[in-house]
Amino acid sequence: TMDEIRRLPSVSRIHFLECGGNSGGEWGARTAPDAQRACGLASCSVWTGVSLSLLLSEVGVKAESSWMIAEGADACRMQRSVPLTNDLDEALLAYGQNGEPLRPEQGFPLRLLTPGWEGNIQVKWLERLHVTNQPHMTRDETSKYSDLMPDGKARIFTLVLEAKSIVTFPSGGQTLPGPGLYELTGLAWSGKGLIERVEVTLDGGSTWQDAQLQQPRLRKAFTRFRLPWRWDGKPAAIASRATDESGYMQPTREELIAARGTNSGYHFNGIKVWKVAADGSVTNADT
Ligand SMILES: Nc1nc2c(c(=O)[nH]1)N[C@H]1C(S)=C(S)[C@@H](COP(=O)(O)O)O[C@H]1N2
Ligand SMILES: [Mo]
């Protein structure tokens, strides 16, 4: 029961949550008018709950168990198979978000939180955890949230979200009132841990310069970056690229498409370009 879960020692930590389908539109023509519609299926919150590893050891889960099926109480009884790897050291059964109980939309009274993994596996309205030795190959890990490659094979259980970033100012739908000094800013995150570096281009990727990272940087959390920018009033193509503590650098959209093709709409983390026109209007790359 919830009372039994709430009496256990708790932890609070800040983590992002991103849908595996976030910015799926960027695989095709980039026409989403603004940051929300181009890349908005992501958030960052203070989460409070019980460590998953504590719960599993309290209930006596055997060391050789390798999978856990998480099932929600919603009408579809959403199910995901969760591999019990070391990457789950930070996983929580969360009942609090931003200092208040989970809201109904976010899974009240309890959800699974697996920081750094795609949002879909973070089952809301959690009702059952079934420990087992194999995945159940449920709908949301086979026909959904898998990556169909150009050769017809699919990558599955691609859970860890790779480094990604987006410029939020200036971004689509905004207008710069005129030439002069601005603060260019945005967000970067990685499912592998800390953001080490964010670079910004103002000329569509020909040259890059380092942005400042807001401190403290936290693991698997949004990191704000900033760069003073004196706009000369000429057209510009701006973008950011993030590098995480594993050394992985966010690829260009072209590199991503060369590696994975365009069969799948999931797990897009390519560099996001915004166009600034001479009149100061900001639009998506293909509009
Ligand atoms: N039970 C249940 N859990 C669920 C879902 C769902 O439909 N049912 N949607 C998933 C998806 S696709 C995502 S991206 C995240 C979104 O979490 P949020 O609503 O807190 O942003 O919840 C996941 N957990
Ligand atoms: Mo999602």
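A cavity is a set of points, on a 1 Å grid over the protein atoms alone, where a 1.4 Å probe fits but cannot get out, and its lining residues have an atom within 4 Å of a point. The model shown is predicted, with pLDDT of at least 70 needed for local features and 80 or more for side-chain atom pairs, while totals for chains, interfaces and linings use all residues. Residues are numbered from 1 along each chain as its sequence is written, chains are lettered from A and ligands numbered from 1 in the order in which they are written, and side-chain values use heavy atoms, without hydrogens and water.

**Figure 1. The largest cavity.** Its volume is about 50 Å³, a volume being the space filled by probe spheres set on grid points joined across faces, edges and corners. The lining consists of Trp27, Asp147, Leu148, Met149, Arg260, Gly261, Thr262, Asn263, Ser264 and Tyr266. Four of these residues are nonpolar, four polar and two charged (nonpolar: Ala, Val, Leu, Ile, Met, Phe, Trp, Tyr, Cys and Pro; charged: Asp, Glu, Lys and Arg; polar: the others, Gly among them).

**Figure 2. The second largest cavity.** About 40 Å³ is the volume here. Ser23, Glu26, Cys39, Lys164, Ser165, Phe268, Gly270 and Lys272 form the lining, with two nonpolar, three polar and three charged residues.

**Figure 3. The largest pocket.** A pocket is an open set of grid points with protein on both sides within 12 Å along at least five of seven lines. This one holds about 340 Å³ of space and has 19 lining residues, with Leu17, Arg111, Gly119, Gln122 and Lys124 nearest its centre. Strand β2 (residues 42–51) contributes four residues, the most to the lining; strands are DSSP runs (E, at least two residues) numbered from the N terminus.

**Figure 4. Ligand 1 and its surroundings.** Ligand 1 sits in the largest pocket, meaning that more than half of its atoms lie within 2 Å of the pocket's grid points. It is surrounded by 15 residues, the closest being Asp74, Arg111, Asn120, Lys124 and Tyr145 (a residue counts if one of its heavy atoms lies within 4 Å).

**Figure 5. Polar contacts of ligand 1.** Such a contact with the ligand is a pair of N or O atoms within 3.5 Å. A polar side-chain atom of Lys124 is 2.5 Å from an oxygen atom of ligand 1. A side-chain N or O atom of Gln106 lies 3.2 Å from an oxygen atom of the ligand, and a backbone N or O atom of Gln122 is 3.2 Å from a nitrogen atom of ligand 1.

Technical notes: Polar contact = N/O pair within 3.5 Å; in protein donor to acceptor, adjacent residues only side chain to side chain.
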